[in-house]
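Please read them with the coordinates open.

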Amino acid sequence: MLNVGKIEEGFVLDHIPAGRAMYIYKHLGLDKLDCMVAIITNARSQQMGKKDILKVECPIDMLNLDVLAFIDHNITVNVIKDGQIIEKKKLQLPREIVGVLHCNNPRCISTTERELPHIFYLADEKREIYRCKYCDVKYEENDGEQF
Amino acid sequence: MRHLLTPQDFTVEETRQLFLLADDLEANPGKYAHICDGRKLATLFFEPSTRTRLSHETAMLNLGGSVIGFPSGNVSSATKGETVADTIRVISCFADIAAIRHPKEGAATVAAHYSTIPIINAGDGGHQHPTQTLLDMQTIRKLKGGLTGMTIGLCGDLKFGRTVHSLVESMSRYSGIRFVFISPDELKMPDYVTDLLRDRHIPYTEVTRLEDAIPELDILYMTRVQRERFFNEEDYIRLKDFYVLDEKKLSRAKSDCYVLHPLPRVNEIAPEVDDDPRAAYFLQVRYGVFVREAVILELLGLAGDYQF
């Protein structure tokens, strides 16, 4: 059994599908934060067979959980304070995502007027479809560079 | 402050009120001839669309207001690189309401965000054109006596045609509506429209030949099939005549199956159809003015001033 030390304040992101930890590390912007991060890959899981885990020591208001919910709302988020789990957050798809995704529709006003914030809204919760607030074009994962 | 960016900005009940007001504007034009005295409509047409611009301007003039604006992007500050946000902030100081046409999708949404006056989206690229949808609906309502219980056929380019997407979405809010989508496979209705219909349990069928579908229709909405939408010339030549309406095809339709078209028409409706009493496409243009008058009054908060 591999042991990784406890964290005092931060997050433990559990039940990440195996192989996705680095992807989430990047898109949560953890590479830009000056904080301790433990990345565990291919951990044994009764539920999933194999899973990844991220342990992040940081102030608990520092992470944008909307981004995480957009990537995979099935990830378990344990919020840690004073070395204890104080909350298990159930992620929900955010109603709106601002400044994270970029619209790649060349006919969209946001592609020519660069100062406009890129905003996507949850158009279809059942099918997990997000659309650009300006042009309503559906966000496709392979459209952009970020996700 | 209220804007009209998509047809769904008005609820079903608000849309009904809007159409009743349009009826009264048509029946009693004198009653409204000075209601907008001293008010100005700005028509900001970043791309030319003569019919839509003149329809909005006529609507405002009929209400006693006046009109300022520009007919195309190359005579505005957009050519100097001014943003939509800045343009509308400036125009807000001059006019009481603005109709904006722009080649980029979402331009009207941006304008509405920064504007201090009501915005009418007069077409933003291939995205939305709500007054077109409202006038299509008013035409159907006037001809059929209501907006419920009918089979609507939409024919031609259903993939890229914003007017058909918007009309289907709007008409799907009414009961007893059934759709027949008539198009080549290359130009079928996109998934997001058919998904919406499935979610709302609204029946629809998809066919490739107009002749097969026409006998069951109560409304036939024609659109243009453009050569450049096809991958190869052979397919275009093979399919194009399927989507041309002539008297022979129309002879198979019901006697009260009205034919609509957003115009401009090129060759998808033969001129011989123009004399058929079921040809309603020029009537749409006429109703368009009354609907736009009603929209202007509603957005300016003047609709309640008159009992109708």
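1. A definition is needed before the helix packing can be discussed: an axis here is a line fitted to C-alpha atoms, for helices over the stretch in contact, and an angle runs from 0 to 180 degrees between N-to-C directions. The model is a predicted one, and the points below should be read with that in mind. In these terms, the axes of helix H2 (residues 50–62) of chain B and H11(B) come within 8 Å and cross at roughly 65°, and the crossing in which H2(B) passes H11(B) is right-handed.

2. Which residues make the contact between H2(B) and H11(B)? From H2(B) come Ser55(B), His56(B), Thr58(B), Ala59(B), Met60(B) and Asn62(B), and they face Gly288(B), Val289(B), Arg292(B), Glu293(B) and Ile296(B) of H11(B). By class, the contact of H2(B) with H11(B) is made up of 4 nonpolar, 5 polar and 2 charged residues.

3. Helix H11 (residues 281–299) of chain B also packs against helix H5 (residues 130–144) of chain B, where the two axes come within 8 Å and cross at roughly 115°; here too, H5(B) passes H11(B) in a right-handed crossing. On the H5(B) side the contact involves Thr131(B), Leu134(B), Leu135(B), Asp136(B), Gln138(B), Thr139(B) and Lys142(B), while H11(B) contributes Leu283(B), Gln284(B), Tyr287(B), Gly288(B), Val291(B), Arg292(B) and Val295(B). The residues of this contact between H5(B) and H11(B) comprise 6 nonpolar, 5 polar and 3 charged.

4. The domain assignment of chain B places residues 7–128 together with 288–305 in domain 1, and residues 131–277 in domain 2. The C-alpha centres of these two domains of chain B are 27 Å apart, and 16 residues of domain 1 of chain B are in contact with 13 residues of domain 2 of chain B. On the domain 1 side of that contact, the elements giving two or more residues are helix H1 (12–27), strand E4 (119–124) and H11 of chain B, and the residues of this side divide into 9 nonpolar, 5 polar and 2 charged.

5. The largest nonpolar core has 101 residues, and those with the most contacts inside it are Ala98(B), Leu154(B), Leu220(B), Tyr221(B) and Ile296(B). H11(B) supplies the largest share of this core, 9 residues. Once neighbours within four places in sequence are left aside, Ile296(B) is in contact with Leu41(B), Ala59(B), Met60(B), Leu63(B) and Ile97(B). A second, separate core has 16 residues, among them Ile7(A), Leu63(A), Val77(A) and Ile80(A). In soluble globular proteins, nonpolar side chains tend to be buried together.

6. Although Lys80(B) and Gly106(B) are 26 residues apart in sequence, their C-alpha atoms are 20 Å apart in space.

7. Helix H6 (residues 162–171) of chain B is mostly covered, with 8 of its 10 residues buried. The buried residues of H6(B) are Thr163(B), Val164(B), His165(B), Ser166(B), Leu167(B), Val168(B), Ser170(B) and Met171(B). Their cover includes H5, strand E5 (150–155), strand E6 (177–182), helix H7 (191–199) and strand E8 (219–222) of chain B.

8. Chain A has 3 helices and 8 strands, which follow one another from the N terminus in the order β-α-β-β-α-β-β-β-α-β-β. Chain A is divided into domain 1 (10–89) and domain 2 (96–142), whose C-alpha centres lie 25 Å apart. Along the principal axes, the C-alpha atoms of chain A fill a box of roughly 55 × 30 × 25 Å, and 29% of the 147 residues of chain A count as buried. Of the contacts in chain A between residues at least 6 apart in sequence, 57% join residues at least 24 apart.

9. Lastly, the interface between the chains: 12 residues of chain B are in contact with 13 residues of chain A. Helix H4 (residues 107–114) of chain B gives the most to the chain B side, with 3 residues, and that side consists of 4 nonpolar, 6 polar and 2 charged residues.

Key:
Residues numbered from 1 in each chain as written. Chains lettered and ligands numbered in written order. Predicted model: local features only at pLDDT ≥ 70, side-chain atom pairs only at ≥ 80, totals over all residues. Helix = DSSP H or I, 4+ residues; strand = E, 2+ residues; numbered from the N terminus. Left-handed = near helix turned anticlockwise from the far one by under 90°. Contact = placed C-beta atoms within 7 Å. Nonpolar A, V, L, I, M, F, W, Y, C, P; charged D, E, K, R; others polar. Domains from an automatic or database assignment. Core = buried A, V, L, I, M, F, W, Y, C linked by C-beta atoms within 7 Å. Buried ≥ 20, exposed ≤ 12 C-beta atoms within 10 Å, placed from the backbone.
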